[in-house]
Amino acid sequence: MSSINFLINSSAWFEGVPEEGRDMLIKSARLKHYENKKYLYRLAQESDFVYAVVSGFVRIKISSIAGQEFSITEFSANEWFGEFSLTNQPAQMFEAQVLENSSIIEIPKRVVQTVADKYPIIYKNLFVFQANRTLKMSELLGGMLFYPLAARLAGRILWFAHHYGDENEAGILINKKMSQQELAELTMGSRQRINKTLKEWERAGILEIQGQQYFIKNIPALKEKTQMNNEE
């Protein structure tokens, strides 16, 4: 089974859609390859596709007209995004940037709209999916607004450990390169403060910095850093 067939047939977005409808999606889907740092869509652009990641990563960012950026989340293999395009509205705040050389499935939004109009269960699936995403977004924004930098940073690193971690008896290696500048963008902090905090955690034996990768040696201690009472 090709990656296109697999991802469409296994997607929660299209659960309950008859084979005829899924075949329409499969026939219209295309596998594209993007180089590192390429954008799928930029600020205020109207996207013509919905997307699924086959390999690599895509980062979703909030951007302002003044050029300020805040990275919200990342999508990796077997994850879908871009559902906002079905509303025919431009991405007023969001941008999608490819990280590392990545393979992405693209389905024209007009095809998804046609299939969804014929099989409205797609809209129900997307409603449930979007509700879950909104809850996670609210948790993220709450953390950014009310928690100190150390707690925000610990939470982000634990998120990466959950999604990209390789665990062994000594700890968890996050199998993904992340610069300190990226971590600063993900936590609304400065690179200098991120560097200082990471060095403190390294001296405390909580984690080890290996180039642009991180090896977590003490998960319970890192989880403690996510608490509100941690000072910056």
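Two strands pair if DSSP finds at least two bridges between them. Helices (H or I, at least four residues) and strands (E, at least two) are DSSP runs, numbered from the N terminus. The views below show a predicted model, in which local features need pLDDT of at least 70 and side-chain atom pairs count only at pLDDT 80 or more, while totals for chains, interfaces and linings use all residues. Residues are numbered from 1 along each chain as its sequence is written, and side-chain values use heavy atoms, with hydrogens and water left out.

View 1. Strand E10 (residues 213-216) runs antiparallel to E9, and four bridges join them. Leu207 has Ile216 of E10 as its bridge partner. Glu208 is partnered with Phe215 in E10, and Ile209 stands opposite Tyr214 in E10. Two residues lie between the strands of this hairpin, and Gly211 in the turn has a positive phi of about 70 degrees.

**View 2. The open sheet of four strands.** The strand order is E7-E8-E10-E9, with antiparallel pairing. Strand E7 (165-168) and strand E9 (207-210) are the edge strands, and each pairs on one side only. On average, neighbouring strands of this sheet are turned by 20 degrees against each other, direction ignored. Two bridges join E10 to strand E8 (residues 171-174), and the two run antiparallel. Leu173 stands opposite Phe215 in E10.

View 3. Buried means under 20% relative accessible area, exposed over 50%, and partly exposed in between (1.4 Å probe, protein chains only). E10 is covered on both faces: Gln213 and Phe215 on one side, and Tyr214 and Ile216 on the other, are all buried. E9 has Leu207 and Ile209 on a covered face and Glu208 and Gln210 on an uncovered one.

**View 4. The packing of H6 and H7.** Helix H6 (residues 180-187) packs against helix H7 (residues 191-203) at an angle of about 105 degrees, with their axes 8 Å apart. Axes are lines fitted to C-alpha atoms, for helices over the stretch in contact, and angles run from 0 to 180 degrees between N-to-C directions. H6 and H7 are therefore roughly perpendicular to each other (65 to 115 degrees; under 35 is roughly parallel, over 145 roughly antiparallel, the rest oblique). The contact (heavy atoms within 4.5 Å) is made by Gln180, Gln181, Leu183, Ala184 and Thr187 of H6 with Arg191, Ile194, Asn195 and Leu198 of H7.

View 5. Gly21, Leu25, Ile26 and Ser28 are the buried residues of H2. Their cover includes H1, strand E1 (30-34), strand E6 (94-108) and helix H3 (109-118).

**View 6. Ser11 in its loop.** Ser11 is found between helix H1 (3-10) and helix H2 (19-28). Ser11 counts as buried because its relative accessibility is 5%. The side chains of Ser11 and Trp80 are joined by a polar contact of 3.5 Å. Such a contact is a pair of N or O atoms within 3.5 Å; within protein, one must be able to donate a hydrogen and the other to accept it, and residues adjacent in sequence count only if both atoms are side-chain atoms.
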